[in-house]
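Thank you all for coming.

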Amino acid sequence: MNLELSEEQKLLQKSVREFAESEVRPLAKHNDETGEFPRALFRKAAELGLTGVAFPEVEGGAGFDHIAYTIVIEEISRCCASTGVILSVQNSLFCDPIHRYGNDEQKKRFLLPFTRGEKIGCYALTEPQAGSNAAALQTKAVKKGDSYVINGTKAWITNGGVADAAIVYTNTEPAKGEKELPPSWWKKGHRDSRSARRRKNLASTRRPAANLFSRIA
């Protein structure tokens, strides 16, 4: 197996490393101490295509692959882990689900401006009482006509305070409560104690949460 980077990937790595050293590192201490969102830095990253690394150009992305995306996040995080997370949320947690599952209208509205870095996205899963356990979500979404009314509390949402839009995890059928997983998920032969404990822990979950594209006022 050849793990050597291609010449194009090496050039990308060099370019992003130079950007990280000159633009990201000088702001890292200040951003960590103040908690300020680095809007100017985000715009500079967008100009380099770092807000949509592995998306096709027709969707506003830079047209690279996921190895290139990994290189980008690694090099940025060398200088500031917070900035690395900001960009990874923009790319992976917000843009990627819309790229994969959004329709044409959703992509035009919620993907193009975000891969270009013109707007900022976030991914609202975590709740104070549930952490990132999607089975324990208490945020509810009730359909009213063609829209949903969402009630609940999210916490520790990267980019949340400045985001133009969010992918929000909610429970659309709270009355149904917990639902056991079907026996078919458990493959024969996995009878060791560790797997048995995992099976017990995963024996009951709530119905899958719904992904909703919601503007943040």
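When I say that two residues touch, or are in contact, I mean that they have heavy atoms within 4.5 Å. Please keep in mind that this is a predicted model, in which local features need pLDDT of at least 70 and side-chain atom pairs count only at pLDDT 80 or more, while totals for chains, interfaces and linings use all residues. Residues are numbered from 1 along each chain as its sequence is written, and side-chain values use heavy atoms, with hydrogens and water left out.

The protein chain has 7 helices and 7 strands, where helices (H or I, at least four residues) and strands (E, at least two) are DSSP runs numbered from the N terminus. Along the sequence, the order is α-α-α-α-α-α-β-β-β-β-β-α-β-β. Of the contacts with a separation of 6 or more, 69% are between residues 24 or more positions apart. Of the 217 residues, 38% are buried, which is to say under 20% relative accessible area, with exposed being over 50% and partly exposed in between (1.4 Å probe, protein chains only).

Let me turn to helix α4, which covers residues 81–101 and contains T83. T83 counts as buried because its relative accessible area is 7%, and, leaving aside residues up to four places away in sequence, T83 touches V24, L41 and I76.

I98 also lies in helix α4, and I98 is classed as buried because its relative accessible area is 0%. The C-alpha atom of I98 is 7.4 Å from that of F110, which is 12 residues apart from I98 along the chain.
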